[in-house]
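This report describes a predicted model. It takes up the contact between the chains and then the sheet.

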Amino acid sequence: MKQKLTIAVASGKGGTGKTTVSASLACAAADTGHKTAYMDCDVEEPNGHLFLKPTINYRHMVGIPVPVVDQDKCTACGLCGEICQFSAIVCVNKNVLTFDKMCHGCGGCSLVCPTEAITEHSRNFGVVETGDCGNNLKFCHGKLDVGEIHSPPLIEAVRETAQGEDLSIVDASPGTSCPVVAAIKGVDYVLLVTEPTPFGVNDLEIAVDMVKELGIPHGVVINRSVPEHTLARDFCRDNNIKILVEIPDDRRVAEAYSKGELPYKGVEGYRELFKELIDTIIEEAGR
Amino acid sequence: MKIAITSVGQDLESKIDARFGRAKWFIVIDTETNQHQVISNEHNLNISQGAGIQTAENISRHNVEAVITGNCGPKAFTTLNSAGIKVYSAVDGTVAEVLEKFKNGKLKQAGGANVEGHWA
C-alpha cells in the first residue's frame, strides 16, 4: 500500500451492521500489519468501544463559537439577526437575544456587526476520546452531550484527530443527512453496508445517490445475506455497483454480538473473511 | 390597542391556529375600531428551525401589544416577552370568538411557555 487511506463505513438504514463491519475491518487491518485508526463518528450513539474495548488515554472537550453581545456597544441595527440562518440571534424591540443551542458557529453575526459589539465564546457540546486497542490499532470516538442537536462539528473534530496512521476506518452514523456527510466527506472509499430486505435496499439506494453526489468511490457489503433474497444483489447488478462480500445470515454472529464480541474474533471463519475484505478495499480504493 | 391572533384562514370566522411559530396567517386587529389586517407568516412554515423566534420577530414589526394563540414554546415566548408583547396561549375557537373573549377580559395572560420547545 503506497498512500494513506481513509475508508468510511456507512449505510442508509440503521442496524445493518456498520459497527460490526468497521470494527472487524479495523482489527483485520491492524493484524495484517497496517497502522490503523478506528474512528467512531456516530457521535450520537457511539458503540464501537463496546467491541474494541480500548484503553482511553486522552479526552478533550469540543466547543463551537457562539455570539456574546455587548449591549453597551450594540446599536440594535438588526444586521446580526438578518444574516443568521438559524434564528440563533434576533433583534426585537432594541434588544438582541441569542439562542446558543440554535447556533451553528458560523461567525456571520460578529462579521456583520458594524460596532464590534459581538464577540465569540466557545460553548462545549461534546467530547472526543482517543485510546489504544493494542497492536497497531488506535481508537477514537466522539460523544455528543445529551440534548445537543448539531453533531457535524464534533464529527469533524473526531476526523481531525487522525494521527498519520496508514489506514483510518471511519464508522459513520446511519442515514444520509449532515452527520453522515460530515463523516464521509473527503474519504478515499465508502463501504456501504446493507441487508437484503426491502428496507435495506430502499435506503441503500438513497445512500448510493449520496456517495455519487460526493464523488467518492464505493462498494457494497451485503450483511445477513441469504441466498434466495436477491433484492440487494439485483440492485447492485442493475446499477453497476461492486459487491465486495456477502456476509451470511449466521446465528453465531448474533450470539457473539450479544456478548460484545466481534465475529472477526469470536466466530470461526470470519477472520479470513475480513482480512480478504480489507485487501479488496485497499485494492479498490487504490484504483 | 392592536393585537395579533394566529389563524388558519384569512377572515374572522377562521379557526385560531393552535401553532404559533408555524401558523399560516396572523389577523392583526385594532380592538377599538375592529379594523383588521391579514399578515402572512408563510415563509416561516418550512424553515428548519427557529420558526417561533422568526414569527415573534415578524409579529413585533406590526406594533401589536398582545398575541393570542394555541401553543407558544419557550423561545417564542422569550422573544415576544423581550419585544414587550403579552401572550395569551392555550386558546381555542374562531378568531371572532377569541376576540370577543379578549375584549371581555375572559382570557388569562400567560406567564411562560405552555408547551416544550422543539430541538433545543
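Across the interface of chain B and chain A, six residue pairs are in polar contact, both residues of each pair being at pLDDT 80 or more. On the side of chain B that touches chain A, helix H1 (51-60) and helix H2 (74-82) of chain B each supply at least two residues. By class, this side of chain B has four nonpolar, eight polar and two charged residues. No salt bridges are found between chain B and chain A: the count is zero.

| Interface of chain B and chain A | Value |
|---|---|
| Residues of chain B in contact with chain A | 14 residues |
| Residues of chain A in contact with chain B | 15 residues |
| Buried area | about 1300 Å² |
| Share of the buried area from carbon and sulfur atoms | 65% |

Chain A holds an open sheet of nine strands with mixed pairing, in the order S3-S6-S7-S2-S8-S1-S9-S10-S11. Strand S3 (55-69) and strand S11 (243-248) of chain A are at the edges; each has a single partner strand, so one side of each lacks a neighbour in the sheet. On average, neighbouring strands of this sheet are turned by 20° against each other, direction ignored.

Within the sheet, strand S6 (residues 118-132) and strand S7 (residues 137-144) of chain A run antiparallel and are joined by seven bridges. Asp132(A) stands opposite Lys138(A), which is in S7(A).

Helix H8 (residues 231-238) of chain A lies across strand S9 (189-194), strand S10 (218-225) and S11 of chain A. The helix runs at about 165° to S10(A).

Notes: Residues are numbered from 1 along each chain as its sequence is written. Chains are lettered from A and ligands numbered from 1 in the order in which they are written. This is a predicted model: local features need pLDDT of at least 70, side-chain atom pairs count only at pLDDT 80 or more; totals for chains, interfaces and linings use all residues. Side-chain values use heavy atoms; hydrogens and water are left out. Two strands pair if DSSP finds at least two bridges between them. Helices (H or I, at least four residues) and strands (E, at least two) are DSSP runs, numbered from the N terminus. Axes are lines fitted to C-alpha atoms, for helices over the stretch in contact, and angles run from 0 to 180 degrees between N-to-C directions. Contact means heavy atoms within 4.5 Å. Buried area is the accessible area (1.4 Å probe) that two parts lose on being put together, summed over both. A salt bridge is a side-chain nitrogen of Lys or Arg within 4 Å of a carboxyl oxygen of Asp or Glu. A polar contact is a pair of N or O atoms within 3.5 Å; within protein, one must be able to donate a hydrogen and the other to accept it, and residues adjacent in sequence count only if both atoms are side-chain atoms. Ala, Val, Leu, Ile, Met, Phe, Trp, Tyr, Cys and Pro count as nonpolar, Asp, Glu, Lys and Arg as charged, and the others, Gly among them, as polar.
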